[in-house]
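Dear colleague,

Please find the structure below, together with a short account of what was found in it.

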Amino acid sequence: MKRSSDDHDEVVIIPCLDFSFNNNNNDDNNGLENWRKMMSKKVREACENYGLFFLVCDDEIIPKVLREKMIMGMKELFDLPEETKKKHQSTKAYSSYSSESPLSPLNQSFGVCDCHLLQVSQEFTNLMWPHGNPSFCETMNSMSAKLLELNYMILKMIQEGYDLPKHYITETEDMLTKGTVHFRLMKYKAPSNENKKEGGDENGLVAHTDKNTLTILFQNDVQGLEVQTKSGKWIQLEIPHNAYVVIVADILKAWSNGRLHAVNHRVTMKGDKERYSVGVFTMPKEEAKIEVPPELVDANTHPLRYKPFTYGDFMKHFVSTLDHENALDAVAGL
Ligand SMILES: O=C(O)CCC(=O)C(=O)O
Ligand SMILES: [Fe+2]
């Protein structure tokens with residue numbers, strides 16, 4: 001468990017789950033199966049209660065050195081001239097370079113769609129560097145593939161946490177995944193001196209819920225990610241060194257009939273250090289129908305909140321309104 005606090009001293013304990021199988025030294029299969037069952041319940045509880053959890057793991061899941069290489073490579077990437085970075089453009093949503101904007105004056109980001117495919121990361125690094133950058137290409141590709149695998153594993157555990165019949169797990173997996181995967185690299189500048197003199201901090205990323213299924217993030221050790229508790233308070237997360245942050249997004253909230261909490265979050269920059277973060281965002285296919293399993297509906301305690309909808313319709317509505325708070329209810333709310 002890790003503490004996160006805000007200015008009003010509300011202390012919220014965000015669960016920190018250790019996914020290292022080796023730390024659970026069970027030789028027999030039953031041990032592993034029991035471990036997974038127990039962990040699935042913890043994952044479900046954290047996602048229901050907080051809409052997020054911290055995850056730590058051993059090198060077998062994601063090597064620490066890969067994480068370090070990723071952050072180092074990102075520094076080099078964001079240091080490239082603006083005109084080079086702007087070459088990464090696509091008509092697809094969230095798949096281009098975005099420089100600082102009035103809404104996010106400190107934030108630059110690269111969205112790379114399906115970066116776990118080698119050809120995609122090669123095209124990206126060949127575009128950014130005159131001779132490519134085989135080492136960073138390999139790092140990006142490997143990191144996105146590992147985060148994607150972890151993302152799918154957590155999605156499966158969430159479903160197992162609800163003890164749904166086996167056939168659902170495969171069907172839901174097809175529904176919740178199998179779409180494009182967004183890999184995002186972000187840099188947040190430290191707030192300007194002028195702002196610091198006034199003791200202020202600055203908006204790194206505006207408040208939002210994620211519009212995909214499940215997000216995994218990690219950062220260099222500069223804090224800045226804040227979440228809104230169910231009681232409405234904003235707290236700054238103290239993300240443990242080497243931990244990942246797993247965030248429930250809107251599609252999981254809808255699928256689970258509102259049981260899983262899509263947590264509102266934002267980035268606020270303080271201090272004088274730059275922050276780098278990386279995220280993998282899984283999303284369904286456009287035509288995938290998001291439908292609540294009947295097992296998650298209970299007339300008394302959990303009446304049906306969402307009618308079936310396609311991911312494409314939801315995104316079309318969101319992109320045209322940019323209404324973060326009400327997009328889900330507007331499209332599917334009952
Ligand atoms: O930089 C971060 O830690 C958060 C990024 C985020 O929330 C997003 O890209 O949706
Ligand atoms: Fe987000």
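In what follows, Ala, Val, Leu, Ile, Met, Phe, Trp, Tyr, Cys and Pro count as nonpolar, Asp, Glu, Lys and Arg as charged, and the others, Gly among them, as polar. This is a predicted model, in which local features need pLDDT of at least 70 and side-chain atom pairs count only at pLDDT 80 or more, while totals for chains, interfaces and linings use all residues. Residues are numbered from 1 along each chain as its sequence is written, and chains are lettered from A and ligands numbered from 1 in the order in which they are written.

The shell around ligand 1 (C-beta atom, placed from the backbone, within 6 Å) comprises 5 nonpolar, 4 polar and 2 charged residues. Among them are Arg184, Asp210, His265 and Gly279. Two or more residues each come from β7, β9 (214–219), β13 (265–269) and β14 (275–284); strands are DSSP runs of E, at least two residues long, and helices are runs of H or I, at least four, numbered from the N terminus.

Strand β7 (residues 178–188) also pairs with β6, in the antiparallel sense over 7 bridges; pairing requires at least two DSSP bridges. Within β7, leucine 185 is the bridge partner of phenylalanine 110, and phenylalanine 110 of β6 is likewise the bridge partner of tyrosine 97.
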